[in-house]
Amino acid sequence: MPAPEKSWAATALFTDLITGLWTTLRYTFKPNVTVRYPLERSVLHPNFRGILRVDDDLCIACFLCEKICPDNCIVLEGEKGLGKGSKYATYFYLDHARCLFCGLCEEVCPVDAIYHSNEFEGAVFNRADLVHDLAILHKGHAIVHYER
Amino acid sequence: MNNTWLSDYVIIPLILILAILAIFPLLVGYIVYVERKVLAFIQSRLGPMRVGPYGLLQPIADALKLLTKEDIAPRNADVFVFKIAPIILLVIGFTGLAFLPMGEGFELFGYDVSLSIVDVNVGVLFLLAIMSLSTYSLVLGGWASNSKYPLLGALRSAAQMVSYEVALTFTILATLLLAGTLSMSGIIDAQREAGLWYIFVQPVGFVLFIIAMVAETNRLPFDLPEADTELVAGYFTEYSGFRWSFFMLGEYAAMVVMSGLLVTLYLGGWMRPFPNVELLSFLDFIPGFTWFVLKVGFFIYFFIWLRGTYPRYRYDQLMGLGWKVFIPVSIANLFITALAIIVMDSVFG
Ligand code: SF4
Ligand code: SF4
């Protein structure tokens with residue numbers, strides 16, 4: 001793109017440079033947008049895709065989430081329900097180290113059993129701890145709220 | 001009493017020198033703090049907030065970190081030159097500070113204390129000579145590092161400082177013609193007698209000086225010698241620890257010296273605004289040092305403001321601007337000033 005035409009007077013008086021200085025001066029006194037995370041927490045959008053959870057009572061072990069997951073995070077096995085009426089998951093592992101939080105599993109689930117929680121503080125010291133089993137997925141992992 | 005000789009030339013200057021040596025590094029730390037804060041505010045960020053309230057202890061933490069780092073020289077470096085280069089820059093920066101008239105003299109315990117530590121009658125000339133020596137430090141440091149980025153940075157700094165020094169000198173010459181003296185405090189006195197700051201007589205010179213000053217101190221938008229995005233850190237890429245901090249100290253000292261020179265030449269030094277207007281004489285109770293600090297502080301802020309606003313110039317643009325615009329304009333400015341002085345003299349006697 002060619003530079004816009006400038007009159008020699010505008011060049012000599014640095015009008016464009018002064019406009020720039022004016023812009024930065026205005027921004028100097030505007031409120032800043034930084035959220036000082038451990039001290040203050042930002043308000044999460046309701047649609048925020050955080051750590052995944054599975055409602056054990058709803059899941060019908062249909063394997064749809066396992067199939068659609070682009071990263072193959074989910075491994076599960078199910079059997080015909082005894083007393084429960086339908087199929088249920090016997091084991092269900094979800095590897096958060098692989099998950100890209102795309103939300104496809106949540107979208108595809110016919111009974112809305114798997115869903116994204118609003119939690120994001122899932123850091124652990126051992127990578128294996130990122131693989132959540134059914135109990136953790138049902139109750140939610142131990143959440144550490146960092147203060148400092 | 002031969003005591004006066006001792007106090008005038010030895011004791012008081014020594015105390016002032018020690019004061020500057022003690023205070024200035026701390027001051028630079030806080031200039032860096034202000035720089036980080038202002039840049040952050042421009043970008044809607046907060047800047048340093050963690051160390052102390054509002055991050056106020058950050059400079060001290062940084063200084064401690066720098067001082068406790070290992071002193072490393074690259075394996076193939078020319079070690080002696082490598083080690084001495086930052087010291088040269090630091091010494092030059094501090095020497096420059098000694099020439100700034102920072103306020104009117106005052107009496108303390110019966111001794112006259114002058115706030116310009118060295119007041120020689122060729123102060124401006126000496127300052128220019130000293131400041132142009134800083135190129136040596138950058139070139140030596142860049143060359144001795146024996147690494148490609150520092151070398152490129154050093155070459156750029158040499159070319160840039162030589163080109164802009166010419167424009168700077170011509171600009172200063174025009175002001176010196178008006179003042180008729182080379183002494184820093186003499187220039188302030190001349191502005192007092194003339195009853196106005198030279199910025200009103202030399203507006204073109206003022207703008208030229210600001211631009212050349214930014215180029216001389218290697219600050220954005222003319223920071224090509226240290227262009228982070230291209231040259232890592234330019235001439236001090238290989239430095240770390242306290243030698244690196246010497247470079248920083250020297251650079252910020254140069255900023256303060258240049259701002260001080262600008263304030264002295266164009267803004268009446270430590271005089272209050274409009275020194276000849278009686279209406280404002282109630283301002284006289286404020287010591288001159290305050291005015292000096294305020295004015296220099298504004299230009300330090302201006303340096304930071306420029307850094308937050310403009311992108312870096314391309315190298316050929318920088319050189320083109322220097323040789324094709326600033327030098328001709330500064331020569332024309334000098335010529336017109338000289339002509340105006342002759343005409344005024346012959347008309348009004
Ligand atoms: S959010 Fe995406 S990547 Fe993560 S488990 Fe669900 S489908 Fe797999
Ligand atoms: S898609 Fe829903 S119901 Fe089907 S296995 Fe996954 S979590 Fe269970």
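Which residues surround ligand 1? In this predicted model, ligand 1 is surrounded by A:Leu52, A:Cys69, A:Pro70, A:Cys73, A:Ile74, A:Cys99, A:Leu100, A:Phe101, A:Cys102, A:Gly103, A:Cys105 and A:His116. By class, this shell holds 10 nonpolar and 2 polar residues. No charged residue belongs to the shell of ligand 1.

The contact between the two chains was examined next. On the side of chain B, 16 residues are in contact with 15 residues of chain A. Interface size is often expressed as the accessible area lost when the parts come together. For chain B and chain A, the buried area is about 1500 Å², and 64% of it falls on carbon and sulfur atoms. In chain B, helix H1 (3-42), helix H7 (203-216) and H10 each supply at least two residues of the side that touches chain A. The largest share, 6 residues, comes from H10(B). The touching side of chain B divides into 11 nonpolar, 3 polar and 2 charged residues.

Beyond residues up to four places away in sequence, B:Thr309 touches A:Gly20, A:Leu21 and A:Thr24. With A:Thr24 there is a polar contact between side chains, at 2.8 Å. A polar atom of the B:Thr309 side chain also lies 2.7 Å from the backbone oxygen of B:Trp305.

Over all chains the count comes to 9. One joins the side chains of B:Glu251 and B:Arg219, at 4.0 Å from N to O. This pair links distant parts of the chain, 32 residues apart. B:Glu251 sits in helix H9 (residues 241-266), and B:Arg219 in the loop between H7 and H8. Both partners are buried: B:Glu251 has a relative accessibility of 6%, and B:Arg219 has 4%. B:Glu35, B:Arg219, B:Glu251 and B:Arg307 are linked in a network of salt bridges.

B:Asp223 pairs with B:Arg312, the closest N and O atoms being 2.6 Å apart. B:Asp223 lies in the loop between H7 and H8, and B:Arg312 in the loop between H10 and helix H11 (315-348), so the bridge ties together parts that are 89 residues apart in sequence. B:Asp223 is buried at 5% relative accessible area, whereas B:Arg312 is partly exposed at 23%. A further salt bridge connects B:Arg314 and B:Asp316, with closest N and O atoms at 2.8 Å. B:Asp316 is partly exposed, with 46% relative accessible area.

B:Asn218 is found in the loop between H7 and helix H8 (228-231). At 3% relative accessible area, B:Asn218 is buried. Leaving aside neighbours within four places in sequence, B:Asn218 is in contact with B:Leu138, B:Gln160, B:Met161, B:Asp223, B:Pro225, B:Glu226, B:Tyr235 and B:Glu251. Among these contacts, B:Glu251 is a salt-bridge partner of B:Arg219, and B:Asp223 is a partner of B:Arg312.

Methods. Residues are numbered from 1 along each chain as its sequence is written. Chains are lettered from A and ligands numbered from 1 in the order in which they are written. This is a predicted model: local features need pLDDT of at least 70, side-chain atom pairs count only at pLDDT 80 or more; totals for chains, interfaces and linings use all residues. Side-chain values use heavy atoms; hydrogens and water are left out. A polar contact is a pair of N or O atoms within 3.5 Å; within protein, one must be able to donate a hydrogen and the other to accept it, and residues adjacent in sequence count only if both atoms are side-chain atoms. Contact means heavy atoms within 4.5 Å. Buried area is the accessible area (1.4 Å probe) that two parts lose on being put together, summed over both. Helices (H or I, at least four residues) and strands (E, at least two) are DSSP runs, numbered from the N terminus. Ala, Val, Leu, Ile, Met, Phe, Trp, Tyr, Cys and Pro count as nonpolar, Asp, Glu, Lys and Arg as charged, and the others, Gly among them, as polar. A residue is near a molecule or strand if one of its heavy atoms lies within 4 Å of it. Buried means under 20% relative accessible area, exposed over 50%, partly exposed in between (1.4 Å probe, protein chains only).
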